[in-house]
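Q: Please take a close look at a single part of this structure. Describe what lines that part, and then what lies around it.

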Amino acid sequence: HDNPALDAARRSAARVYPVFVLDPRYLRPDPAAPSPGSARAGVARVRFLLESLRDLDARLRRLGSRLLVLRARDDVSDAVCAALKDWNIGKLCFESDTEPYALARDKRVTDFAAASGIEVFSPVSHTLFDPAEIIEKNGGRPPLTYQSFVATAGEPPKPVMEKYSELPPIGDTGGYELLPVPKLEELGYGDLSQEYIPPFRGGETEALKRMRESLQDKEWVAKFEKPKGDPSAFLKPATTVLSPYLKFGCLSARYFYHCIQDVYRSTKTHTKPPVSLAGQLLWRDFFYTVSFGTPNFHQMEGNKICKQIPWRENGELFVAWRDGRTGYPWIDAIMIQLRKWGWMHHLARHSVACFLTRGDLQGRDVFERLLIDSDWAINNGNWLWLSCSSFFYQYHRIYSPISFGKKYDPNGDYIRHFIPVLKDMPKEYIYEPWTAPLSVQEKARCIVGKDYPKPVVDHEAASKECRKRMEEAYASNRLGGNPVKGNSSNSSRRKFSDGGQDVPDSSMSKQPRKRS
């Protein structure tokens with residue numbers, strides 16, 4: 001659905017080759033990675049991709065075609081260029097991508113196509129709008145506020161929803177080895193425990209089903225208001241969980257947007273952007289546009305919209321955060337859900353990003369690797385936002401890693417599910433188990449410091465110190481100074497935070513201090 005590249009291919013050719021190339025950059029297993037998967041993708045995202053490919057193949061077969069899966073030895077562009085030459089292709093159709101890695105990859109392919117006399121059609125259909133057009137309309141600069149983006153963008157184009165019952169047949173593939181969509185084990189991941197199987201299945205079929213089920217509840221759609229929602233809801237998440245389907249192209253953002261508009265037209269009132277459901281799709285495009293028009297968007301140095309902040313390094317604290325061993329159950333449960341499921345509620349993401357000072361690229365990298373909906377533009381944009389490095393600057397507004405989760409889930413059911421060692425801890429202590437008397441810990445069969453870690457930071461002290469350092473960094477930026485002092489933006493700068501209050505759509509974190 002809404003695939004103008006495929007639609008153009010089927011209209012203009014007697015033979016169509018639907019190709020997907022397995023990219024070792026994302027799929028090659030890495031035994032040194034901190035959790036199962038490759039260096040750049042956790043196993044949950046790899047599994048979601050493979051499920052999506054199997055569904056795509058099944059849908060293509062119903063149209064008399066099939067998915068041609070190729071395996072790149074090293075560079076995807078080399079595999080595509082070889083197929084273009086060997087199969088004597090006359091026209092190449094693919095959806096454009098704005099991520100720097102994809103731009104460089106696609107340029108190698110299109111340069112080869114141009115030199116070979118191959119026609120190229122690369123429409124914008126992964127987003128609501130063409131980021132280049134938005135930037136041009138805005139005077140050559142990306143809009144840096146949501147409001148200016150929405151005002152510039154206007155209404156998105158309608159999706160391409162042509163109905164057809166068959167595709168042209170596949171042409172001669174010569175001596176190419178056409179692979180079935182591989183299983184995880186066939187990629188070299190080996191046997192994985194059940195705990196690494198998320199409750200979300202990939203594919204267009206599942207995407208459309210999930211979208212229709214979400215939109216059936218018209219009252220819920222009309223009243224949807226981010227950032228409201230229960231971040232502790234895991235058996236039945238409090239959001240659509242459609243972001244991974246948008247990321248992988250299983251669901252068209254334009255189709256989703258126009259389906260939401262159909263619901264709005266059938267209701268008397270509904271929420272508006274930026275908090276509405278349609279508003280979330282506009283947020284997605286906002287980050288895509290800013291990232292496309294901002295050099296070095298993924299780092300601090302050389303990024304003109306990013307404040308230069310001297311993030312403090314502490315590898316031990318960072319690993320504790322990454323692995324869900326901070327000693328703060330709300331934070332640890334979220335990070336464990338991320339590692340096992342590849343997903344967590346947006347307010348849960350805010351909580352853990354607030355606990356680790358955002359702006360730190362190591363934190364960004366963890367999310368980028370583990371999230372099944374990992375998206376270069378959105379992930380970098382949110383870390384810039386939540387670190388108060390760009391877009392949002394109220395660094396004194398902070399999520400509490402204790403009281404924030406408690407107000408949604410006072411019994412701690414979410415924590416008990418993802419941290420079984422705490423399942424018998426009384427609810428009075430479930431968010432602060434270190435405060436439980438030893439007799440209570442013994443009865444719960446969970447001794448803090450032995451069965452579950454002690455807190456890695458003193459929150460009150462860490463929070464106070466962080467706010468002080470952020471204030472100093474902001475003052476230095478205002479005076480035109482550079483507090484980074486030569487540190488590379490790719491170094492592991494990290495710090496921990498504490499909380500006092502939750503914030504509407506973002507927050508900030510604090511400097512780490514080990515407990516004395």
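A: Helices here are DSSP runs of H or I with at least four residues, strands are runs of E with at least two, and both are numbered from the N terminus. The model is a predicted one.

Where the cavity sits follows from the domains. The chain is divided into domain 1 (1-125), domain 2 (205-293) and domain 3 (315-479). The largest cavity lies between domain 2 and domain 3, because both of these domains give residues to its lining. At the level of helices, α10 (243-247), α12, α15 (346-355) and α17 each supply at least two lining residues.

Two of these helices, α12 and α17, also pack against each other. Helix α12 covers residues 277-293 and helix α17 covers residues 376-386; the angle between them is about 90 degrees, and their axes are 8 Å apart. That angle makes α12 roughly perpendicular to α17. On the α12 side the contact is made by W283, R284, F287, Y288 and S291, and on the α17 side by W376, A377, I378, G381, N382 and W385. The residues in this contact are seven nonpolar, three polar and one charged.

P227 is in the loop between α9 (218-223) and α10. P274 is in the loop between α11 (253-265) and α12, and α12 is one of the helices that supply the cavity lining. For context, most peptide bonds are trans.

For comparison, the second largest pocket has a volume of about 310 Å³. Residues that line this pocket include E206, R210, D217, W220, K236 and V241. Helix α8 (residues 204-216) gives the largest share of the lining, four residues. The lining of this pocket divides into four nonpolar, three polar and five charged residues.

Domain 1 has its own contact with domain 3. The C-alpha centres of these two domains lie 37 Å apart, and their contact takes 15 residues from domain 1 and 12 residues from domain 3.

Definitions and conventions: Residues are numbered from 1 along each chain as its sequence is written. This is a predicted model: local features need pLDDT of at least 70, side-chain atom pairs count only at pLDDT 80 or more; totals for chains, interfaces and linings use all residues. Side-chain values use heavy atoms; hydrogens and water are left out. Axes are lines fitted to C-alpha atoms, for helices over the stretch in contact, and angles run from 0 to 180 degrees between N-to-C directions. Angles under 35 degrees count as roughly parallel, over 145 as roughly antiparallel, 65 to 115 as roughly perpendicular and the rest as oblique. Contact means heavy atoms within 4.5 Å. Ala, Val, Leu, Ile, Met, Phe, Trp, Tyr, Cys and Pro count as nonpolar, Asp, Glu, Lys and Arg as charged, and the others, Gly among them, as polar. Domain bounds come from an automatic or database domain assignment. On a 1 Å grid over the protein atoms alone, a cavity is a set of points where a 1.4 Å probe fits but cannot get out, and a pocket is an open set with protein on both sides within 12 Å along at least five of seven lines; lining residues have an atom within 4 Å of a point. Grid points are joined across faces, edges and corners, and a volume is the space filled by probe spheres set on the points.
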